[in-house]
Amino acid sequence: TEGRFQLEEIKVLSTGKDFDVWQAALMACEQKVVDSMEAAIFERAGAEVEKLNGWSLQYDFAFESQGKHMSHVWINQTGKQIMAMKGAIEGVAEHCVMTAHEREQIAQWTTHYAGLGQRLLGLAIRSGNFSGQRESDERDLRFLALLVFSDPVRLSVKHAISECQRAGIEIKMLTGDHPLTAHAVADEVGIAHNHDELYTGHELEAMPKGKRWRAYQRGVIFSRFLPEQKHEMVEALKASGR
């Protein structure tokens, strides 16, 4: 893709409308923007960035590769504390208290937008008292909204993939994105695959080593993929003479 993210839509849960979504989204970003998704949030926010005035970052919990999420605790002059979290939908949801209806709504939105090839971030928030201990602080959050981003496919990609495949070169897609997003992009750029050749990092983790190595060899699309799994895939392919 072009790596030019645009924040297209914010889908707010009905129970999240008591919170300021822009304040939460901005608080979940780094103070100095480091990636294109955060840049897209700030660009779309415009004057809303003023909602950070009077708040200072107290605790910074870095991106956690397993759940693919990050969180920040902010404090204002009165001592009020707020935690804002963003990341992969399922990773954020693990730290939230939700009703069955809310889970169903999030699942419907995810299926719809990821199926269109959009990039998605979950956004959650909680006010209360925080200690700076990640395990105890990152719990009982309120899932607030889904952030929907576009990231156009580069025009040259489809032709390049077609040429590689005609030459007999196998293509494997490795991505941290949602599996439906990965599948939609693979279809768009013409990566040849069957539906049983798509694996998630979570599925691979649950497999014994032998089965996992076979999956690396036969799979085409790998989503929610972890860095250590990329390394193991290289080892598996080399071991098979590929």
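Which residues does methionine 27 touch, leaving out those up to four places away in sequence? I started my notebook there, keeping in mind that this is a predicted model.

**Entry 1: methionine 27 and the cores**

I looked up the contacts of methionine 27 and found Leu52, Trp55, His72, Trp74, Ile82 and Ala84, with residues up to four places away in sequence not counted. Next I checked the largest nonpolar core, which has 26 residues. Met27 is among those with the most contacts inside this core, along with Leu7, Ile41, Leu123, Leu144, Leu147 and Phe149. I then asked which elements give two or more residues to the core: they are helices H1 (21–27) and H2 (36–45), plus strands E4 (81–87), E5 (119–128) and E6 (142–150). H1 gives the most, with 6 residues. Apart from this core I found another, of 21 residues, including Leu13, Val73, Leu120 and Ala124.

**Entry 2: the sheet**

I traced the strands next. They form an open sheet of 6 strands in the order E1-E6-E5-E4-E3-E2, and the pairing is antiparallel. Strand E1 (6–12) and strand E2 (55–64) are the edges, each pairing on one side only. On average, neighbouring strands here are turned by 20° against each other, with direction ignored.

I looked at one pair in detail. E5 and E6 run antiparallel and are joined by 7 bridges. Alanine 124 stands opposite phenylalanine 143 in E6, and I had already noted Ala124 in the core of 21 residues.

What lies across E1, E5 and E6? I found helix H4 (residues 100–115) there, running at about 5° to E6.

**Entry 3: helices H9 and H10**

How do the axes of H9 and H10 cross? For helix H9 (residues 209–218) and helix H10 (residues 227–239), the axes come within 9 Å and cross at roughly 80°. H9 is therefore roughly perpendicular to H10.

I listed the residues that meet. From H9 they are Arg212, Trp213, Tyr216 and Gln217; from H10 they are Gln229, Glu232, Met233, Glu235, Ala236, Leu237 and Ala239. Sorted by class, this contact has 6 nonpolar, 2 polar and 3 charged residues.

**Entry 4: threonine 200**

Is threonine 200 buried or exposed? I looked up its relative accessibility, which is 14%. Threonine 200 counts as buried because that value falls under the 20% cut-off. I located threonine 200 in strand E8 (residues 198–200). Not counting residues up to four places away in sequence, threonine 200 touches Pro179 and Ser223.

How values were computed:
Residues numbered from 1 in each chain as written. Predicted model: local features only at pLDDT ≥ 70, side-chain atom pairs only at ≥ 80, totals over all residues. Heavy atoms only, no water. Helix = DSSP H or I, 4+ residues; strand = E, 2+ residues; numbered from the N terminus. Buried < 20%, exposed > 50% of the residue type's maximum accessible area, 1.4 Å probe, protein only. Contact = heavy atoms within 4.5 Å. Core = buried A, V, L, I, M, F, W, Y, C linked by side-chain atoms within 4.5 Å. Axes fitted to C-alpha atoms, helices over the stretch in contact; angles between N-to-C directions. Parallel < 35°, antiparallel > 145°, perpendicular 65-115°, else oblique. Nonpolar A, V, L, I, M, F, W, Y, C, P; charged D, E, K, R; others polar. Pairing = 2+ DSSP bridges.
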